[in-house]
Amino acid sequence: MVVPCTEYGEAQAPVLQGLWEYVKSGQEDVLRSPYLPASFAFLAHVLLCAPFLALDALGSVCQRVRSWRMTAGSGPPPSLSRWLECFCRVLYKYVTVVLPVTALFNTLINLKLPDVAPSCWQLCVEVVACLLLFDMLFFMWHLVMHRVSWLYRNIHQMHHQHHTPFALAAQDCSSAELLSLLLLSLSSAWMVGCHPLSEALFHLINTWLAVEDHCGYDLPWALHRLLPCLGGAPHHHAHHSLQTINYAPLFTHWDHLFGTYRASVFHHWYLRPATCQCEQQLVRFDH
């Protein structure tokens, strides 16, 4: 992970200092490996998709889970075979393109592992700064890919094969686009000058938000319900449906500024117990 050659001040969080000393003392060779960022990105993506794989499996037997799907009336959740096909495509692109190119990128960077962990304040500021910077960079890149027809056809169109996205499809795109996503996130951390702990947390949060954006569920506990500045799954689902709105990956302010924001309205379906035993009624309501 990338750290500039500046010295960090005294750590103010003993827990973070202890964690950093433990990780650094036992895994310094791993932390310095040029293959770490791509490996970390792939493993984090797959592991964070696991809860949504479980939800898709439960959706076949649980009506409550099906009611959370934004396309609950249009068909069943993606099958296990579709998940497996997507997993193989993403793994192939990581192994053949993303891993070697990002390894080259990291060997060109002056890597330094500081002795001192960040303070809690520094950790929070660096993570938020990385999220805001990545959101801006990807918004611009995403908008350009849609507005320039050659870029859309050759780089971005593959991602839009998923008109109804699911969690693992967050990274199911062309090799060039997948590589650009990781390079933008690495560059964001490098420009901010993150401590390795801050960078790791940024990548985890960024990956989770991308997975949640594509999950296909508008969950009652989703982060966009707690933080209105986030677009969340409804925001990005509308982008996959219409493709001319909601380009920002995380927040909504860039879409508001560029006039590309569209509030998302989806129809959910749920089963309401009928008044007689032999009858059930489908009730539709707008979210």
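Predicted model: local features only at pLDDT ≥ 70, side-chain atom pairs only at ≥ 80, totals over all residues.
## A tour around helix α8

Start by selecting F40, A44, H45, L48, C49 and F52 in α2, together with A200, H203, L204, T207, W208, V211 and E212 in α8: these two sets of residues meet each other.

Now show the whole helices, α2 (residues 36–59) and α8 (residues 196–214). Their axes come within 9 Å and cross at roughly 45°, which makes α2 oblique to α8. Turn the view to look down through the pair, and the crossing of α2 and α8 is right-handed.

The crossing of α5 and α8 is right-handed.

Which residues of α5 and α8 meet? Select Q122, L123, E126, V127, C130, L131 and F134 on the α5 side, then L197, S198, L201, F202, I205 and N206 on the α8 side. By class, this contact of α5 with α8 holds nine nonpolar, three polar and one charged residue.

For the last stop, centre on S174, in the loop between α6 (149–156) and α7 (175–192). Is S174 buried or exposed? S174 counts as buried because its relative accessibility is 7%, below the 20% cut-off. Leaving aside residues up to four places away in sequence, show K93, I155 and M158, which S174 touches.

Note on methods
Residues numbered from 1 in each chain as written. Heavy atoms only, no water. Helix = DSSP H or I, 4+ residues; strand = E, 2+ residues; numbered from the N terminus. Buried < 20%, exposed > 50% of the residue type's maximum accessible area, 1.4 Å probe, protein only. Contact = heavy atoms within 4.5 Å. Axes fitted to C-alpha atoms, helices over the stretch in contact; angles between N-to-C directions. Parallel < 35°, antiparallel > 145°, perpendicular 65-115°, else oblique. Left-handed = near helix turned anticlockwise from the far one by under 90°. Nonpolar A, V, L, I, M, F, W, Y, C, P; charged D, E, K, R; others polar.
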